[in-house]
Structures are given as structure tokens and as C-alpha cells.
Amino acid sequence: MNDTQADEAAAHARLIEDNLVLTCEAGRLYRDGGFAGDAALLERLRERVSPLTEVVGTVFRGFPAHDPEPPRLFGGSAAFREKQGAALAAPRPPGPPTLLCETRDVRLAGNALFHVADGRPQVLFETYRPQERHVVPGPGPGFLHVDETIAEAGLVFLLNSAGSFNYGHWLIDDLPRLQALALLRKRHPRMPITVALVSYFPHIDAARRRSIQLLLRHRVSIRFLDRDKTYRFARLHHATPCSLPSTGKSPHALRYLTGQMRARTRLPRGLFALRTLTGRGRRLFVDRHPGRGRGLANRDAVLGLLRGLGFEAFDPELTSVRQQVVRFSAAEIVVGIAGAGMTNTVFCRPGTPVIHLVPEGWEDRFYGEIATACGQDYAAVFGPRIPSDAPEYLRDFAIDTEPLREALAASGLR
């Protein structure tokens, strides 16, 4: 990028930043806190509210601030365990409610929603939060151009977020917001609904489609949108986020998700329970395909230890969404490699011990937040990364079996 291009990019970024708008009044969304930005930004945006957006109803109420239980951490260096332990046990802020909104004459580009007024893009802040902009580019300089106007029969509900390309974030941050469709059906009982999603990759799009079909009792049309296009909607329904970026997860949203998915899998869960009366299959080792990166360099040693304690290896990526719900719902303890597959621990019962195997230096609190929101017993075992040319977050790592034994003993297994 030359100097002229850099100046143009900086000017466009300022244009967006100077024209951000809140989806609705700050007092309705952030009365109890939970704004994903600093106080100065919130004060600046208080008077800048989307004039074309109406709040239809509340999908999930806000969730209170809380102090997580101190986690049990094993392996790795004492310095990293202390640092990560402090981060995982730090007080959490309250989260805002999730609101169902109807917006007129709105556009979607770069995974963000915006209006155009006086030739300027007015981007809805809740679709373009600062912590997520590295994966949500927002409308580009050509925002005035529209590639396609969506004119579906009936209602269109957009279900998207910064992390929709990752199954774990999709499951936790996106899928629960389909509860909004119950409000839409009550308000418009005879109108068909299309769920619109931004397309990413065939395998993740297929998994998202299947999870929607499993969750919903009533059929809906599903339409994938090209992430490189700009779309215009005369009328669009969408829900504000049900989580804070990377950390806070709404227990109300996760309770809805787990309740619905368990209800949809009652028969296969019952059949699986009959097959596991002896306890076999209830101790779950969540494996990770080596081609995905971040694999266990000493997998055989770890698997040998776990199999000796009755664990069965299970790779969620190789099974259906339905089977993932069944297996995690039945688990009495879960040990697994940090990755999207471990977000299925959301389906475990409260109190279930969950032990994550994590590369040392991995500071993401995402999985600890899920355990906190679901009332599960969280622990992590750290191990060194193996030097390689892969990106740091995808490098293989090794887990010493002794700290793993300690973690298992602390969870009641010897």
C-alpha cells in the first residue's frame, strides 16, 4: 500500500468512526452497563441513534456482573498459570439485553449493517464493535454501490456476528438468537421467514444450516449471502449480540440453546443412555483432527492415559450436530483439546468437570466463560508449543501426563 492509498484508507476509517450510530437508545441497551467500548465513546454515541430502527421486543434480558470461581490450572510455567488464573477469575461486567430490531432501508457490507445519509455511511455500532473489527471490515469506500436488493417474500432475519465463520462462536454467539423468531411469529403469524446468513466455507455453512434445522421446531427458509457483496434491504429484522466480545456469555441465551437442543434430541439421548448404563461412553476425550493445527504432539501418551481411565476419543467434526448434542449431554467428564469442538461443552450438565488441554501462552478466556455461564467445573492443563512454521495459534503442543493426572485427580478420577 502506497502513501496515497494509506491516506485514503485512514480517511475512510475516520468517516465510519465519525458516523457510528447506536441500534437504539443507550438507556435501553446499556442502562446496567455492558457497552463494548470506553465511556467516552458511549457518551459520544448517546445522541446518535439509528432513526430507521425500531425495537420489536426483548429476546434475552441482560445478565449481571459476576465474579468467576478461581480456576484449577495445571502444567506450564508457574508465571503463566498465575497470569491466566488472575484473568479467568477477574470480575466480569454486566451484559446488555438482546433486542429484536426491525430496520428499514438498511445495507449489509463487510458483515456490518449501515444506512446511508447525506452520502455518509451510518454504521450500527452493535454490528461493528471495536474488539471485532479485525474480522468485521465494515462497508468499504464503495459503500454507495449496491450489488443486490433483497426482496424475499415475507420477513428476513439476519443472523450474523464477527465470529460466524467459526463453529464455536456460531454455536455460542449466534445460534441462540434464533429465539427472536418466536417474537416475530407472534407479531406476524402468517408471514414466512427467511434466515439470512453471510456465507464463509462449505463445511461451516453446512454445519450452520444443520444446527438451525435442528434447533427450530418450525421450518424456515435459509439463504446464504456473498460476504464480498453489498446488499440492501427495504426491511430487515436482526437481533443485537447476546455476548460481550470474547468474554461475557449470556446464561439466558445458553440456557435457551441447551434447553431447545436437548428437547430436539430427547429420543437419541434416551437410546444412548441405554447403551451407556455401564458407564462406557460417558467419559469423553474431545480429539482434534491433525490437519486442523494445534494438535497434540504426544497424542498417543495422553490417549493411553485417558483410555486407561475409561475415556473414549470423540472428534465432533466427524459427527452430526445432533450426535454432538447427544454425546456431550451424556458426558460425566470431558477432557479435550482447545478448539471449536470444545464449545459443545455448553450441552454438558451443570457441575460436569471440563478439562481443557491448552498451549502455554493461549490467553483466550472463551472456554472458561462458557463453563462459568453453564455452572460447570473448569480446569486447564498447559503444555509447551512445538516450534514450526505454522502460525503460533495453530502450532502443535505437548501435554505432560503428570499435570494431566493431577487435573483428573482434582476432578475425582484416579
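1. Helix H5 (residues 167-174) has buried residues whose covering includes strand S8 (193-198), helix H7 (202-215), helix H8 (251-264), helix H11 (321-330) and helix H12 (366-374), where contact means heavy atoms within 4.5 Å. Helices (H or I, at least four residues) and strands (E, at least two) are DSSP runs, numbered from the N terminus. This is a predicted model, in which local features need pLDDT of at least 70 and side-chain atom pairs count only at pLDDT 80 or more, while totals for chains, interfaces and linings use all residues. Residues are numbered from 1 along each chain as its sequence is written, and side-chain values use heavy atoms, with hydrogens and water left out.

2. Seven of the eight residues of H5 are buried, a word that here means under 20% relative accessible area, as against exposed at over 50% and partly exposed in between (1.4 Å probe, protein chains only). The buried residues are Tyr167, Gly168, Trp170, Leu171, Ile172, Asp173 and Asp174.

3. Strand S13 (residues 333-337) is largely enclosed by the rest of the structure, because five of its five residues are buried. Ile333, Val335 and Ile337 point one way from S13, whereas Val334 and Gly336 point the other way. S13 pairs in the parallel sense with strand S11 (residues 283-286) over four bridges, and Val335 is the bridge partner of Phe285. Four bridges also join S13 to strand S14 (residues 353-359), again running parallel, and there Val354 is the bridge partner of Val334. Two strands count as paired if DSSP finds at least two bridges between them.

4. Thr98, which has its place in strand S3 (residues 98-109), is buried, with a relative accessible area of 1%. A polar atom of the Thr98 side chain lies 3.1 Å from the backbone oxygen of Pro241. Leaving aside neighbours within four places in sequence, the residues in contact with Thr98 include Gly57, Phe60, Arg177, Pro241 and Cys242.

5. The model has zero disulfides, a disulfide being a pair of cysteine sulfur atoms within 2.5 Å. For Cys242, which is in no disulfide, the nearest cysteine sulfur is that of Cys374, 12 Å away; Cys242 is buried, with a relative accessible area of 2%. Cys348 is likewise in no disulfide, and the nearest cysteine sulfur, that of Cys374, is 8.6 Å away; Cys348 is buried, with a relative accessible area of 2%.

Notes. A polar contact is a pair of N or O atoms within 3.5 Å; within protein, one must be able to donate a hydrogen and the other to accept it, and residues adjacent in sequence count only if both atoms are side-chain atoms.
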